[in-house]
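Welcome! Please take a look at the sequence and the structure, and then read on for a short tour of the rings, the core and one loop.

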Amino acid sequence: MPTLQLKDYYKTLGVKPSAAMPDIKKAYRALAVKYHPDKNPDNEWSEAQFKEVNEAYSVLGDITKRAKYDDDRWLAGMGSKTSYNEAITPVWLKN
């Protein structure tokens, strides 16, 4: 079974997965200004970063998309939705 590959949008924006929406918005705005094409003309790297930042915010800035992303992220092994370590077994998944 292939593993699910996800971009780490929290890392892209430089926030923790527990970050509140105002913190996500603040991080997005700072990075959008930093990498905006108008501030970095003819800089392909900055343009690519700007696109990544926008993509991350389009997911993390939307409550519904963020919840789905968090679920997918957890399933991909990038994060934990529980505060304890419990073995994931077929019985655990069924329950």
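Tyr69 counts as buried because its relative accessibility is 5%, where buried means under 20% relative accessible area, exposed over 50% and partly exposed in between (1.4 Å probe, protein chains only). This is a predicted model, in which local features need pLDDT of at least 70 and side-chain atom pairs count only at pLDDT 80 or more, while totals for chains, interfaces and linings use all residues. Residues are numbered from 1 along each chain as its sequence is written, and side-chain values use heavy atoms, with hydrogens and water left out.

Let us begin with the rings. The structure has 4 aromatic pairs; rings of Phe, Tyr and Trp (its six-membered ring) pair if their centres lie within 6.5 Å, and planes under 30 degrees apart count as stacked, over 60 as edge-to-face and the rest as tilted. Here are two of these pairs.

| Pair | Centre to centre | Angle between planes | Kind |
|---|---|---|---|
| Tyr10 and Tyr69 | 5.9 Å | 45 degrees | tilted |
| Tyr35 and Trp45 | 5.6 Å | 75 degrees | edge-to-face |

Helices here are DSSP runs (H or I, at least four residues), numbered from the N terminus. Tyr10 counts as buried, at 1% relative accessibility. Ring pairs also join Tyr9, Tyr10 and Tyr69 into a cluster.

In the other pair, Tyr35 belongs to helix 2 and Trp45 to helix 3, 10 residues apart. Are these two buried or exposed? Tyr35 is buried at 11% relative accessibility, whereas Trp45 is exposed at 52%.

Next comes the core. A nonpolar core is a set of buried Ala, Val, Leu, Ile, Met, Phe, Trp, Tyr and Cys residues joined through side-chain atoms within 4.5 Å. The largest one has 17 residues, and those touching the most other members are Tyr9, Leu13, Val15, Ile24, Val53, Leu60 and Tyr69. Helix 1 (9-13), helix 2 and helix 3 each give two or more residues to this core, and helix 2 gives the most, with 6 residues.

Finally, visit the loop between helix 2 (21-35) and helix 3 (44-60), where Asn40 lies. Asn40 counts as buried, at 19% relative accessibility. Its side chain reaches the backbone oxygen of Lys34 at 2.9 Å. Beyond its neighbours within four places in sequence, Asn40 is in contact (heavy atoms within 4.5 Å) with Lys34, Tyr35 and Ser46.

Note on methods. A polar contact is a pair of N or O atoms within 3.5 Å; within protein, one must be able to donate a hydrogen and the other to accept it, and residues adjacent in sequence count only if both atoms are side-chain atoms.
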